[in-house]
Amino acid sequence: MSARLVTSNVMLGFIPIALVIALWQALVSFGYAPVTLLPPPGRVFARMVQQLLTSTFQQEIVATLFRLFAGFAIAVVLGVTIGLAAAANPSVNALVRPLVRVLAPLPKVALYPALLLLVGFGHESKIALVAADALFPILLSTYYGASRVEQKLIWSAMAAGTPGREILFKVVLPAAAPSILTGCRIGLVISCIVVFLAEMITSTDGLGHVLVTAARTFQAVDMFVPLITISLLGLILNGMLEAVRSYLLRGFPEV
Amino acid sequence: MISWRTLVTRLAPLLASLGLLVIWQLASLALHNDSFPTALESIRVIPSLLGDPETLINFAASLRRMAIGFAVAVAISIPLGLLMGRSRAVASFFNPLLMVIYPVPKAALMPIIMLWLGVGDLAKTLVIFLGVSLPVIYHSFEGAKAVEEKMLWSGAAMGLSAARRMVRIVLPAALPEILAGCRTGLVLALITMVTSEMIARQSGAGNILFNALDMGQYDTVFAMIIIIGALGICLDAAFERVRQRLVRWSDPQFDIPLSFS
């Protein structure tokens, strides 16, 4: 794709976003929606910039990010480990498979009350919920990636005298990397969503809590700010993961 | 005659659920925590909970919202996703907008939507619709993008119009991927349903669950978790049946859902 085509595609992509904002502004300025219910976009963005500069709001973001990263990290470590183990070992597979079948379609938010009662109202319950929700996409894509590694690669490694354990780390793990990273990407988006929800349910800080407080006091402007912030955070994190991905997969053919 | 092996494979999920319940029972016996009832105590509450017409009405309301939201989302998302997959212009038109919306928790829009539409069915159904549509669009998009060009060329050479090519070639070819998206969407519909009812406590299963939590009726909390969990597993298994029937011709695919975005 030529550079010019890319720029024209990017321009095209901005149209719907601009349209949404224009529609939003039109709804307000033509009086279809009262300003108390739908504040004009300009005011929301001004408020957001103003909020982003205050240290209290920055602390809320830090609290949310901390939970997000902690839960996501746990999910990545557990997901990749269990996924690889299940792909490599038939008896682990026989144990993990039915468990995943039962646990994956379970709505994890429904488990949140149980987590609250068990581990308390602090960071732990939110991190646990994020980890539980992000775990399964990572686990499953690791499993599929690892079980689809070309057999010839493994045979050649064995023929070259590589011990079994090293084959797992030197052959299977790198070969499954594209699939694992796709799973991580899905897991990351889920982490963003879940951490916000958990903070909305019970929390004393974080972006979700900001939204709930604003909703209780009918501050419409303040309700939009955390939503736009989490959307931007999601975009930034996604971009970072994309950078990590293209660094890790630099030897792979373009996917 | 079913062999012993297939019997074990069929029953494995059931055994896994039983195993989880046993672990729960042992854990709560070991912990001796007032707010952590044993599995047996929680299961004992289920019959009285389900025998209560109030609960059943709540569940019916929840399921109706979920069904409507899911159906509308699927009906709109599949054509949109397929179009995006076949036309680069449509794709680059919608992609950035979808990327911006993606990380926003849809249930978090609930307080804002409630301001405009009230706490009734419409707001909750809309939130479920939003939650379901993104994964379905995404998977339909990926599925339509991967359709083999040669099949489309032969279709065009045999005089199929663009619209008919879409229905006769792209739709069936992308069907396995689309159904994978629908499966994700189904679980997501359940999650969004529970969360939206948690935020707008008016009716529904989420309402019972979180009200019980607030009032400290811990056995009801855990019983509701079992019921909602079982609902998720049953819906998923039922959908899997339908999926297998529809795409029997395709390669044996994953028997567990791949993504939960």
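**Setting up.** I'm working on a predicted model, where local features need pLDDT of at least 70, side-chain atom pairs count only at pLDDT 80 or more, and totals for chains, interfaces and linings use all residues. Residues are numbered from 1 along each chain as its sequence is written, while chains are lettered from A and ligands numbered from 1 in the order in which they are written.

**Chain A, overall.** I looked up the elements and got ten helices and zero strands; helices (H or I, at least four residues) and strands (E, at least two) are DSSP runs, numbered from the N terminus. From the N terminus the order is α-α-α-α-α-α-α-α-α-α. I put the C-alpha trace of chain A at about 75 × 55 × 30 Å along its principal axes.

**Chain B, overall.** Here too I have ten helices and zero strands. The C-alpha trace of chain B spans about 70 × 60 × 30 Å along its principal axes.

For the classes, Ala, Val, Leu, Ile, Met, Phe, Trp, Tyr, Cys and Pro count as nonpolar, Asp, Glu, Lys and Arg as charged, and the others, Gly among them, as polar.

**α3 and α4 in chain A.** I checked α3(A) (residues 55–88) against α4(A): they pack at about 125 degrees, with axes 6 Å apart. Axes are lines fitted to C-alpha atoms, for helices over the stretch in contact, and angles run from 0 to 180 degrees between N-to-C directions. The two are therefore oblique to each other; under 35 degrees counts as roughly parallel, over 145 as roughly antiparallel, 65 to 115 as roughly perpendicular and the rest as oblique. I have the crossing of α3(A) and α4(A) as left-handed, meaning the near helix is turned anticlockwise from the far one by less than a right angle, with clockwise giving right-handed. I82(A), A85(A) and A86(A) of α3(A) make this contact with V92(A), N93(A) and V96(A) of α4(A). Those residues divide into five nonpolar, one polar and no charged.

**α3 in chain B.** I ran along α3(B), which has 34 residues and reaches 49 Å from first C-alpha to last, close to the 50 Å expected at 1.5 Å a residue; the expected span is 1.5 Å times one less than the number of residues. Where does α3(B) kink? I found a kink of about 25 degrees at S77(B), shortly before the proline P79(B), the bend being the angle between axes fitted to the seven residues ending there and the seven starting there.

**α3 and α6 in chain B.** α3(B) (residues 53–86) and α6(B) (residues 121–145) pack at about 30 degrees, axes 6 Å apart. So I call them roughly parallel. Their crossing is right-handed. The contact has 18 nonpolar, nine polar and five charged residues.

**α7 and α8 in chain B.** The axes of α7(B) (residues 149–157) and α8(B) (residues 162–199) come within 10 Å and cross at roughly 160 degrees. That makes α7(B) roughly antiparallel to α8(B), and the crossing is right-handed. I listed M151(B), L152(B), G155(B) and A156(B) in α7(B) meeting R165(B), R168(B), I169(B) and A173(B) in α8(B). By class this contact has five nonpolar, one polar and two charged residues.

Key: Contact = placed C-beta atoms within 7 Å.
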